[in-house]
Amino acid sequence: MPIDIVISIDVSGSTGFPNGYMVNVADYEVIMLYALMQEAKKTGQKIGLTLWSDVITFTTLPKLYSDSEFDKLKRIVFTDDWVCGGTRIIYALEQAKKFKDKLFLIFTDGNVYEKDLIDVDNVVFFLIRPYDDYYKMFVQRYGKHRVIRIDDITKIPKVTLDWFRR
């Protein structure tokens, strides 16, 4: 059986709000979510979704969605839950620690407090346009194999899908 995944998206102010014009990180995060749902359909994986900033603004957990319910997830990202607050990744990491049987894909720009980076084994980080110091901080804490750097936001869907397929 394929492992269930949770797509955990940073909706802090630095990512912007998804508006469909492909001008900010949030737009590309939504495209990434849609692309992952398409891939999950092929393998029968279930998907959960978490949106977080300085709190968890939305989560489907403990519920996961199967491909027949993915349209509900698509609508969620265009609600008020995408609030654009501060960035406290600890809440996303604590959630991953609680649901150890799921793989969390965390999308963030990496602009987080170092003390918020707690030990957790079931997370892969996709850092979108991170400053070098933030990227190094994540790699030092979690290892290069769990931190994917994306400097060109137009490549988020491709990089994510390539990783997912591997």
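This is a predicted model: local features need pLDDT of at least 70, side-chain atom pairs count only at pLDDT 80 or more; totals for chains, interfaces and linings use all residues.

Totals for chains, interfaces and linings use all residues, and side-chain values use heavy atoms, with hydrogens and water left out.

**The nonpolar cores**

- A nonpolar core here is a set of buried Ala, Val, Leu, Ile, Met, Phe, Trp, Tyr and Cys residues joined through side-chain atoms within 4.5 Å; buried means under 20% relative accessible area, exposed over 50% and partly exposed in between, using a 1.4 Å probe and protein chains only.
- The largest one has 37 residues, and L49 and L105 have the most contacts inside it.
- Among the elements that each supply at least two residues are strand 1 (5-10), helix 1 (25-43), strand 4 (103-108) and helix 5 (156-165); helices (H or I, at least four residues) and strands (E, at least two) are DSSP runs, numbered from the N terminus.
- Helix 1 is the top contributor to this core, with 10 residues.
- Not counting residues up to four places away in sequence, L105 touches I5, V6, I7, S8, L36, V124, F126 and W163, where contact means heavy atoms within 4.5 Å.
- There's also a second, separate core of 24 residues, which includes W52, I90, L117 and V147.

**Helix 1, end to end**

- At its start, a side-chain oxygen of N24 comes to within 3.1 Å of the backbone nitrogen of A26.
- Helix 1 has 19 residues and spans 27 Å from first C-alpha to last, close to the expected 27 Å (1.5 Å times one less than its number of residues).
- After helix 1 comes G44, with a positive phi near 75°.

- The L61 to P62 peptide bond is cis, with omega near 10°, and P62 sits in the loop between strand 3 (56-59) and helix 2.
- R129 has a positive phi, near 50°, despite not being a glycine.
- R129 is in the loop between strand 5 and helix 4 (132-142), and its relative accessible area of 51% makes it exposed.

**I106 in strand 4**

- I106 lies in strand 4 and counts as buried because its relative accessibility is 0%.
- Leaving aside neighbours within four places in sequence, I106 is in contact with S8, W52, I89, A92, L93, V123, V124, F125 and F126.
- G16 is 90 residues from I106 along the chain, and their C-alpha atoms are 16 Å apart.

Technical notes:
Residues are numbered from 1 along each chain as its sequence is written. A polar contact is a pair of N or O atoms within 3.5 Å; within protein, one must be able to donate a hydrogen and the other to accept it, and residues adjacent in sequence count only if both atoms are side-chain atoms.
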